[in-house]
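This report covers strand pairing, a nonpolar core and a nonpolar surface patch. The sequence and structure come first.

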Amino acid sequence: MGKEYGASLMAIMERGNTQGARARPRGESEETREHHHPVPVKERPEESTAAAMLDDPRTRRWMWRAGAAVVAGVAVLVLAGWRLGLTVAVLVVIGDVVRQSRKSSTVTAWQKSSAAERRTEKQLKSLQRNGYLVLHARAVPRDDEGVSDGRIDHLVIGPSGVYAIDSEKWDKRLPVRTMSHLKLFHGPFNKKDRLDEARWEAQQASSILGEQVGFDVPVQPSVAIYGPSIPWKVMRVRDVDVYAGNRARSYLRRRPKILTDGDVQRIFQAAEQALPPKYPD
């Protein structure tokens, strides 16, 4: 019993320690990367190719289609003849291809929004009637060449200001707590790096937008957390607003109006041009 509990706890801690990571830390050395990636054991080319084909979901899907087509075709062949059996087999394959095409997306998996991002996006849609405009998955250029090292999940521009919201899905089994508004913990894991990243993204967006429109554009960073229970409504930790994901809409609506409709439009147009989509079509 003790060994099973210990293994479970270690698994939770390992997953929690990797949540929220968007890129490899800038200070990681080549030596460290080599340590984390040992030299793989060589395999015979035939075995490696065969294993890769079997691991490919598309190969498995076509094997399933072929099997289903053969079964259906043989059944009809016995009852009604080979021509009808062949027709049924072909129709089975076509039907499965059509069904899968309706479920799939033209956007590759690594570009798709997460479940947390989709939940926040749904909340923000209802704010459009209140004069809020939203851009999703915007890149934050890092240098003069426009190389992006950050991503704002939701850039919200409205009467109460400009906000950079990052949606996070954390392990619900680990509690969330703060210390003196300076530290945020998810279980035993310090989320300082995640907060610093959110603040840096907002600062970069503020500087870029200010240059575009000709006046200061403060951008408030925030993190909307899904999964664990958050024991407060809104807490500012290291200058980043932290709250439960289902409070994203109320977080924005209860703030005083500081921008005119004209300001909102100008900032939105500037953001569309200066903060490009992180995953362009």
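## Strand pairing

Strand β5 (residues 183-186) and β6 run antiparallel and are joined by two bridges. H186 has F189 in β6 as its bridge partner. The model is a predicted one.

These strands belong to an open sheet of three strands, in which the order is β4-β5-β6 and the pairing is antiparallel. At the edges lie β4 (176-179) and β6 (189-190), each of which pairs on one side only. In general, the strands of a sheet pair through backbone hydrogen bonds, in either a parallel or an antiparallel manner.

## Nonpolar core

The largest nonpolar core has 22 residues. The members that touch the most others are L155, I157, V162, L209, V219 and I267. Two or more residues come from each of the strands β1 (133-141), β2 (148-158) and β3 (161-169), and from each of the helices α7 (192-213) and α9 (261-274). The largest contribution, six residues, is from α9.

What does I267 touch, leaving aside residues up to four places away in sequence? Its contacts are I157, V162, L209, V213, F215, V217 and L259. Among these, I157, V162 and L209 are also listed with I267 as touching the most other core members.

## Surface patch

L86, V90, L91 and I94 make a nonpolar surface patch of about 370 Å². One of these residues, L91, is located in helix α5 (residues 82-103). Is L91 buried or exposed? The relative accessible area of L91 is 53%, so this residue counts as exposed, the cut-off being over 50%.

How values were computed:
Residues are numbered from 1 along each chain as its sequence is written. This is a predicted model: local features need pLDDT of at least 70, side-chain atom pairs count only at pLDDT 80 or more; totals for chains, interfaces and linings use all residues. Side-chain values use heavy atoms; hydrogens and water are left out. A nonpolar core is a set of buried Ala, Val, Leu, Ile, Met, Phe, Trp, Tyr and Cys residues joined through side-chain atoms within 4.5 Å. Buried means under 20% relative accessible area, exposed over 50%, partly exposed in between (1.4 Å probe, protein chains only). Helices (H or I, at least four residues) and strands (E, at least two) are DSSP runs, numbered from the N terminus. Contact means heavy atoms within 4.5 Å. Patches are made of residues with over 30% relative accessible area and no salt bridge: like charges are joined within 9 Å, nonpolar side chains (Val, Leu, Ile, Met, Phe, Trp, Tyr) within 5 Å. Accessible areas come from the Shrake-Rupley method with a 1.4 Å probe; for residues, only the protein chains shown count as cover. A salt bridge is a side-chain nitrogen of Lys or Arg within 4 Å of a carboxyl oxygen of Asp or Glu. Two strands pair if DSSP finds at least two bridges between them.
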